[in-house]
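Please read the points below with the sequence and the 3D view side by side.

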Amino acid sequence: MSRALPSALPRSLLAEPDLFDDLPPEEHSLPTHGLSEAGRPGLPLRVAPTLAETAQRIRPTTLAVDRTLPVIEALAGLFPDGLRRGVTVGVSGAGARSMALALMARATQTGSWVAVVGTSDMGLAAAFEVGVALERLVVVNAPHPDQWASVVATFVGAVDLVLVSPGHRPSTGDARRLAARCRERGSVLVCLFPEGRSPGEGWPGRIDLQFSMGAATWSGPDASSAGPLARLRSRRVEVSVGGRGVPDDGRSDVLLLPDPTGVPARL
Amino acid sequence: MNGAPAATDSPAAVRTLVVGCPDWPLTALGVDPGEQALVLGAGRVVAATGPARAVGVARGQHRREAQYLCPEVRVLARDEAREAREFEVVASALGAVTPWVEARCPGRCSFGVLGPVRLFGGEVALVRHTAEVVGAAVDRLELGAGSHPGCRIGVADGAFAAGLAARVGGVAPEGAVVVPPGRSPDFLAPLPVAVLTTPLAGRGAELVDVLIRLGLTTLGAFAAIPVADVSARFGNDGLDAHRLASGVDNRPVGHRSAPPDLAVSVPFDPPVDRIDRAAFAARSAAEALHERLSARGMACTRLLVEVETEHGERMSRRWRDEGVLGPVAVVDRVRWQLEGWLHGPPAVRPTSGIVLLVLVPDEVVPAVGRQLGFWGGASAADERAGRACDRVVGLLGPGSVRVPEWRGGRDPDDQVALVPFVGLTESPTRVEPLEGAPPWPGALPRPSPAAVHTEPVAIDVVDAGGVPVTVDGRGVLSAPPARLVLPERVSLGVDPDTGSDQRVTAWAGPWPVDERWWDPLRRSRRARLQIVTADGTARLVALADGQWTVVATYD
């Protein structure tokens with residue numbers, strides 16, 4: 001027993017696995033004699049790695065980039081690091097639907113699914129133009145308020161993005177449970193508050209990231225010279241975001257939402 | 001692929017008798033075949049009585065279309081459970097003719113005539129006896145109506161030809177069509193190729209479309225093409241279709257009996273007496289069966305469903321499908337069978353709950369598999385999302401989860417329609433315009449509105465003098481719009497109480513459109529305007545029949 005062990009390696013890797021790993025600790029047969037002969041009394045007696053240790057060691061590394069969902073380039077000013085998974089996002093004001101579609105577009109292109117619950121007037125042609133991959137979009141009409149929470153909870157965790165616009169006020173408990181489920185499963189819950197409804201009255205839970213749409217200006221036609229080729233071309237809108245992970249004074253950007261081809265662009 | 005068996009080498013088609021009860025959904029609901037009535041399933045007509053058909057009602061029509069053609073028609077909702085329950089009585093009555101009854105769906109079953117024809121002394125006698133048995137069973141159901149439309153019977157080589165013989169014939173026994181042995185190809189030859197759509201399931205419509213455009217409008221014309229050429233051009237599906245059209249064998253290429261170890265059994269403890277619970281368990285069993293089969297590259301075409309109760313009562317039935325029985329189809333069959341047994345008449349009803357359900361694949365074919373995407377097909381995320389959708393469908397009912405399908409059109413709500421979610425990538429819906437598709441003249445330009453109102457709101461569009469704006473036949477506005485007059489409460493995202501300004505600051509259009517002017521029912525003539533108001537909101541408004549509505553908002 002005079003083999004020199006390279007001291008740089010942790011002992012737990014070199015030890016023989018304990019045959020009685022499944023027994024309670026007091027019944028383990030501990031290799032105490034070998035250790036005492038080596039004269040190193042300070043070492044822990046139990047040298048076999050526990051299951052938790054092994055799991056810790058062999059767990060795949062999660063890169064920060066995997067914990068975010070990608071967003072389109074136009075939104076890079078608002079999301080320098082992408083959209084963090086597990087957050088609850090609120091979008092309010094005129095143009096909230098376009099903003100929500102822009103948020104989801106890139107993620108759907110990279111394989112994420114989107115469930116839209118209770119927003120039956122979502123313009124799907126606009127979604128297509130913004131770049132949402134429609135083959136990964138499912139739409140559920142507003143369920144009865146009693147079933148609303150279970151429907152949304154089914155989608156949270158199963159799809160990466162859940163867009164809700166509840167026609168009723170969900171209970172505080174439901175909102176908290178959904179937010180917790182999002183954090184645990186890494187889904188993003190997007191709450192849509194169309195103009196005329198403030199976030200406070202529509203959603204009883206905490207909103208991690210709140211987008212507010214500022215005043216919008218449409219370009220294209222004007223009142224004096226509506227010629228045969230005139231059409232709505234683009235909308236210039238200032239979007240501001242506040243909440244967790246955002247500097248206190250907020251972050252804002254001026255976007256063309258949409259630009260003349262229907263795609264969001266940064267001005 | 002010269003190794004494909006030539007028609008003459010094929011095994012002889014099994015001589016088959018098909019019994020079909022036309023419009024079983026109506027019969028099961030106890031509707032008198034003499035009145036004008038129809039049954040709606042998933043928004044479409046699934047069955048209609050003779051008088052209703054006489055004025056133009058047909059399967060697949062929308063409710064509104066049917067009611068337009070036949071205003072006083074009685075509209076009934078489909079009750080699949082009841083259909084299965086009532087038909088089980090008929091199927092079990094046929095057990096007196098032969099034990100080898102294969103059910104297809106409520107209203108339709110078949111069996112091989114080889115055995116029973118000896119017992120009854122000839123096919124004509126067999127047909128007469130079968131018609132009597134079925135007629136007596138339907139009469140015993142006491143469905144309320146005094147009469148029923150009777151059943152159709154066809155006998156031919158192969159189930160495909162026999163099914164068509166039953167369809168073209170009249171009411172059995174006099175109207176039954178018995179195609180003499182060996183004459184099935186002659187019987188099939190003049191029939192249109194469109195009859196291939198159903199047996200080929202999802203793959204048929206496209207093939208039939210191509211055949212018609214090639215000028216091969218009858219089965220005979222298609223069957224006349226050498227089998228090697230069909231195989232080279234249309235692959236396995238084409239080969240299946242060609243065999244059906246030739247009337248040589250109804251079974252797909254390469255069928256074989258399944259080895260017995262593929263059966264899946266589900267014990268229930270405690271016993272279940274509710275169909276929804278059994279069907280729930282059947283779902284996972286069906287998926288397990290599907291996985292076992294697909295691991296061996298096989299798919300099931302005939303399935304034996306066996307059920308046993310706590311008191312040892314057993315009931316088994318063979319189910320055959322024209323195509324391949326997928327997990328969803330298997331669950332439907334289990335539900336139908338249990339519906340017929342557990343809720344059937346007291347004489348056949350078991351006395352205790354079910355303790356065992358066994359799914360035995362009776363006949364299998366090599367699976368062609370589902371077409372996956374080029375880069376690896378369904379991902380884990382797709383599977384997860386599909387399961388979640390299934391669960392929500394279970395929660396809210398069929399049709400509650402919908403997916404987009406690209407249709408194309410002139411209005412934002414025409415371009416993409418929502419269709420019920422049926423399953424993951426079984427037949428992916430098209431979600432973008434076809435490459436190089438011709439444009440829609442009169443379509444609105446991009447960008448599209450992000451909010452398309454499901455219920456358009458009536459408004460007034462007035463000019464500077466307060467006079468309503470109109471559009472003349474040439475698509476010219478009577479005057480530039482100056483103001484929108486919204487109704488008292490509008491839930492379009494703009495609250496009139498906040499004093500939002502509805503003066504028009506910019507507008508574009510009009511885009512006039514006159515669609516389907518040849519069809520009085522679906523004609524639509526309207527003019528669209530894009531209007532921006534002083535509060536910064538851009539809306540799409542349309543004028544039709546003298547009334548302006550807000551159809552969408554550029555939210």
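1. Where the two chains meet, 50 residues of chain A are in contact with 50 residues of chain B, contact meaning that the C-beta atoms of two residues, placed from the backbone, lie within 7 Å. On the side of chain A that touches chain B, the elements that give two or more residues are α4 (96-109), α5 (124-130), β5 (137-140), α6 (145-155) and β8 (209-219) of chain A. Sorted by class, this side of chain A has 28 nonpolar, 15 polar and seven charged residues; here Ala, Val, Leu, Ile, Met, Phe, Trp, Tyr, Cys and Pro count as nonpolar, Asp, Glu, Lys and Arg as charged, and the others, Gly among them, as polar.

2. A word on the source: this is a predicted model, in which local features need pLDDT of at least 70 and side-chain atom pairs count only at pLDDT 80 or more, while totals for chains, interfaces and linings use all residues. Residues are numbered from 1 along each chain as its sequence is written, and chains are lettered from A and ligands numbered from 1 in the order in which they are written.

3. Helices (H or I, at least four residues) and strands (E, at least two) are DSSP runs, numbered from the N terminus, and two strands pair if DSSP finds at least two bridges between them. An open sheet of eleven strands, with mixed pairing, has the order β11(A)-β10(A)-β9(A)-β8(A)-β3(A)-β7(A)-β6(A)-β4(A)-β5(A)-β14(B)-β15(B). Its edge strands, each pairing on one side only, are β11 (265-266) of chain A and β15 (416-420) of chain B.

4. Which strand of chain B is joined to β5(A)? The partner is strand β14 (residues 401-406) of chain B, which runs antiparallel to β5(A) and is joined to it by two bridges, and V140(A) stands opposite V401(B) in β14(B). Within chain A, by contrast, strand β4 (residues 114-117) and strand β6 (residues 161-164) pair in the parallel sense over four bridges, with A115(A) opposite V162(A) in β6(A).

5. A residue is buried if 20 or more other C-beta atoms lie within 10 Å of its own, exposed if 12 or fewer, and partly exposed in between, with C-beta atoms placed from the backbone. The largest nonpolar core has 110 residues, and those with the most contacts inside it are V132(A), V162(A) and V190(A); α4(A) gives the most to this core, with nine residues. Leaving aside residues up to four places away in sequence, V162(A) touches A115(A), V117(A), V152(A), F155(A), V156(A), S187(A), L189(A) and V190(A). Another core, of 96 residues, lies apart from the largest one and includes A52(B), V177(B), L325(B) and W336(B).

6. Chain B has 15 helices and 21 strands, and buried residues make up 39% of its 555 residues. Six of the strands form an open sheet in the order β17-β16-β21-β20-β19-β18 (chain B), with antiparallel pairing, and its edge strands, each pairing on one side only, are β17 (483-485) and β18 (504-515) of chain B. Inside this sheet, strand β20 (residues 538-544) and strand β21 (residues 547-553) of chain B run antiparallel and are joined by six bridges, with R539(B) opposite T553(B) in β21(B).

7. Helix α7 (residues 159-168) of chain B is largely enclosed by the rest of the structure, because eight of its ten residues are buried. These buried residues pack against β1 (15-20), β6 (108-112), β7 (152-157), β8 (177-178), α8 and α11 of chain B.

8. How do the buried residues of α9(B) differ in placement from its exposed ones? The buried residues of α9 (204-213) of chain B are G204(B), L207(B), V208(B) and L211(B). Seen down the axis of α9(B), these residues fall within an arc of 100 degrees, so they line one face of the helix, the arc being that of the directions from the helix axis to the C-beta atoms. The face of α9(B) turned away from this buried side carries the exposed residues E206(B) and R213(B). What covers the buried residues of α9(B) includes α10 (219-223) and α11 (227-246) of chain B.

9. A194(B) has its place in the loop between α8 (184-188) and α9 (204-213) of chain B. A194(B) counts as partly exposed because it has 15 C-beta neighbours inside 10 Å. A194(B) and G204(B) are ten residues apart in sequence, and their C-alpha atoms are 8.7 Å apart in space.

Notes. Core = buried A, V, L, I, M, F, W, Y, C linked by C-beta atoms within 7 Å.
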